[in-house]
Amino acid sequence: MSEQKKAVALISGGLDSMLAAKIVQEQGVHVEGINFYTGFCVEGHTHAIRRKDRDKQKRNNALRVAEQLGIKLHIADVVEPYKAVLLNPRHGYGANMNPCLDCKIFMVSRARKWIETHDFDFIITGEVVGQRPMSQRRDTMPLVSRQSGADDLLLRPLCARNLPPTLPERQGWVDRNRLYDISGRSRKRQMALVEEFGITDYAQPAGGCCFLTDASYSAKLRDLWASRGSREYELDDIILLKVGRHLRPRPHFKIIVAREEGETRFLEGYRHRFSHIRTLSHAGPLTLLDGDGITDDDLHLAARIAARYSQGRDADTVEVSVTRQESGTSKLEVTPLPPGEIDPGWTV
Ligand code: SF4
């Protein structure tokens, strides 16, 4: 009896990667999944924090796929090595700060190394020719195979029959006739496969897989770099960009105002790192101040903005506590900033 072949599938948590893994699994190959955590992953983050989303299911879609398929999932933390991809993408960015082509090459090359060390035979992705403008085009897909070093160990079961046969097909590890020739952005054939495989639980194919495709998130990231004068970041920086309203009333500081209760609780965890403001006389959000050389005038302005977003927005004055990193907590009585004085240009 021939030895069972082993493949690792890149699992994003979306439907395509799930189907790709399933197709190969159905052919008797031992499949395990790998999911890369870059720090920018959408994966339930805002739903997990916001009170208004309290009833939405909070789950890790990659783990859910693994559970559905009955495969082992390896979650790889690539926050550090991913920085080089984001900061200097050889193939540039997409519509926002998303370096999709370099990102795909990076992930497949990590998977390539992974199969070597784990003694697996090939790699599976859920890519479909013509589905994404940057990384899934007829001309860029061979580039991903080549520049990742995976070459023909990279099998894309959903569109394999549109592409030259890979090693797993040529060697008969998988039957090419039982692979697919899906192309384009339509989801019709994927939905037919969902039916065929009797899959009932999968993530709706909406939204990107990471915040880098989001215009407002990308603007916040650019602002962070511009304010620091350097394109650097730590995990906490990029997590905080996902939370709250970010306003930069002066070039040297910005404020992060929680938009609701869940965000306030989340930001509490970052309080020790930032000067911050709480409203005392009225219920209101926690406000963090991020910047250097913050003056008393800046604090006063930030307190008036915080008061504006509190229940005391129409009151004559709101009492707030201001905690400065360097000099402790004091109380202030401030007039909420009138809406007309909140410059739309402050919104990051
Ligand atoms: S959307 Fe994000 S995770 Fe997905 S390929 Fe593009 S950069 Fe990578």
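Colleague: What should I know before I start?

Modeller: This is a predicted model, in which local features need pLDDT of at least 70, side-chain atom pairs count only at pLDDT 80 or more, and totals for chains, interfaces and linings use all residues. Residues are numbered from 1 along each chain as its sequence is written, and side-chain values use heavy atoms, with hydrogens and water left out.

Colleague: Which domains does the protein chain have?

Modeller: Domain bounds come from an automatic or database domain assignment. Here the assignment gives domain 1 (6-211) and domain 2 (243-346). Their C-alpha centres lie 41 Å apart.

Colleague: In what order do the five strands of the parallel sheet stand?

Modeller: Helices (H or I, at least four residues) and strands (E, at least two) are DSSP runs, numbered from the N terminus. Two strands pair if DSSP finds at least two bridges between them. The order in this open sheet is S3-S2-S1-S4-S5. Strand S3 (73-77) and strand S5 (154-155) are the edge strands, each pairing on one side only. Within the sheet, strand S1 (residues 6-10) is joined to strand S2 (residues 30-37) by five bridges. Leu-10 stands opposite Ile-34 in S2.

Colleague: And what is the order of the open sheet with six strands?

Modeller: That sheet runs S6-S7-S9-S8-S10-S11, with antiparallel pairing. Strand S6 (245-250) and strand S11 (328-334) stand at the edges with a single partner strand each, so one side of each is left without a neighbour in the sheet. On average, neighbouring strands of this sheet are turned by 25° against each other, direction ignored. For such angles, axes are lines fitted to C-alpha atoms, for helices over the stretch in contact, and angles run from 0 to 180 degrees between N-to-C directions.

Colleague: How do side chains sit along a strand?

Modeller: In a regular strand the side chains alternate between the two faces of the sheet.

Colleague: Which residues pair with S9?

Modeller: Strand S7 (residues 253-257) pairs with strand S9 (residues 287-291) over five antiparallel bridges. Val-257 has Thr-287 as its bridge partner, and Ile-256 has Leu-288. Strand S8 (residues 275-279) is joined to S9 by three bridges, also antiparallel. There His-276 stands opposite Leu-288.

Colleague: How many residues lie between S10 and S11 in their hairpin?

Modeller: Three residues lie between them. Seven bridges join strand S10 (residues 318-324) to S11 in the antiparallel sense, and Val-318 stands opposite Val-334.

Colleague: Which residues are around the ligand?

Modeller: A residue is near a molecule or strand if one of its heavy atoms lies within 4 Å of it. Around the ligand are Tyr-82, Pro-99, Cys-100, Cys-103, Cys-209, Cys-210 and Thr-213. This shell has six nonpolar residues, one polar and no charged. Ala, Val, Leu, Ile, Met, Phe, Trp, Tyr, Cys and Pro count as nonpolar, Asp, Glu, Lys and Arg as charged, and the others, Gly among them, as polar.

Colleague: What lines the second largest pocket?

Modeller: Helix H9 (215-228) and S9 each supply at least two lining residues, and the largest share, four residues, comes from H9. By class, the lining has six nonpolar, six polar and nine charged residues.
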